[in-house]
Amino acid sequence: MILGERIKRIRTFRGLTQRELGLKLGYEERNADVRVAQYESGYRVPKKDTLIEIAKILNVNYINFITEAPGCAEDIMQTFFWLDEDNRNTFHLFQLVRNSGKCSASDDKSVRYNDNDEWPAHAPVGMWIDYGLVNEFLREWCLRKEQLKSGEISEDEYFEWKINWPASSSSVDEKGYDKGNNSYNWRKI
């Protein structure tokens, strides 16, 4: 999802019109909506300080709009989150369980699945990322997706968690249980 689409998606999620966002940014009433429409269409790209102000107004983490360090763990997760918004059925996350048996150098590295579940006709390909911090983040994302699927959290709560991540992030233990130690309250309880 490109920058303008992200701004629009979050603005509409927050229930603001283009005019309202433009006025909060300090634009004149006669062209406040036009300026925001230009940002959302990609005709104009907001400067960094404007993007930070948009993030404040929309009450989201500015990393939704600005990449400080391309390729860092947070950037990787934001890329995944916005790909997930483009197509909710793209990422299927699952927690692997350690095989306690010793294996030889010709380990069987395949993950087994039952084709009578909701799996695709062809075997899916899994990926393990050898980057400790990203794995921690993915573990929590896996938990949030499971909570969404089970109805424990709503679509709005799931989106709120993503757009305020990592402030909305909490530690997840080795078994995938939420420790609930986040600094941004994203639940609507």
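Reader: How many helices and strands are there in the protein?

Author: This is a predicted model, and it has seven helices and zero strands. The order along the sequence is α-α-α-α-α-α-α.

Reader: Which residues in the largest nonpolar core touch the most other members?

Author: That core has 20 residues, and those touching the most other members are Ile-7, Ile-10, Ile-54, Leu-58, Val-60, Phe-65 and Ile-163.

Reader: And which elements give two or more residues to this core?

Author: Those are α1 (3-13), α3 (32-41), α4 (48-58) and α7 (155-163). With four residues, α4 gives the most.

Reader: Take Leu-58. What does Leu-58 touch, leaving out residues up to four places away in sequence?

Author: Leu-58 is in contact with Ile-7, Ile-10, Arg-11, Arg-14, Leu-16, Leu-21 and Phe-65. Of these, Ile-7, Ile-10 and Phe-65 are also on the list of core residues that touch the most other members.

Reader: What does the second, separate core include?

Author: The second core has 18 residues, among them Ala-73, Leu-138, Leu-148 and Trp-165.

Reader: Changing topic: what share of the residues in the protein is buried?

Author: Of the 189 residues, 36% are buried.

Reader: Last one. Among contacts with a separation of 6 or more, what share comes from residues 24 or more positions apart?

Author: Such pairs account for 60% of those contacts.

Key. Residues are numbered from 1 along each chain as its sequence is written. This is a predicted model: local features need pLDDT of at least 70, side-chain atom pairs count only at pLDDT 80 or more; totals for chains, interfaces and linings use all residues. Side-chain values use heavy atoms; hydrogens and water are left out. A nonpolar core is a set of buried Ala, Val, Leu, Ile, Met, Phe, Trp, Tyr and Cys residues joined through side-chain atoms within 4.5 Å. Buried means under 20% relative accessible area, exposed over 50%, partly exposed in between (1.4 Å probe, protein chains only). Contact means heavy atoms within 4.5 Å.
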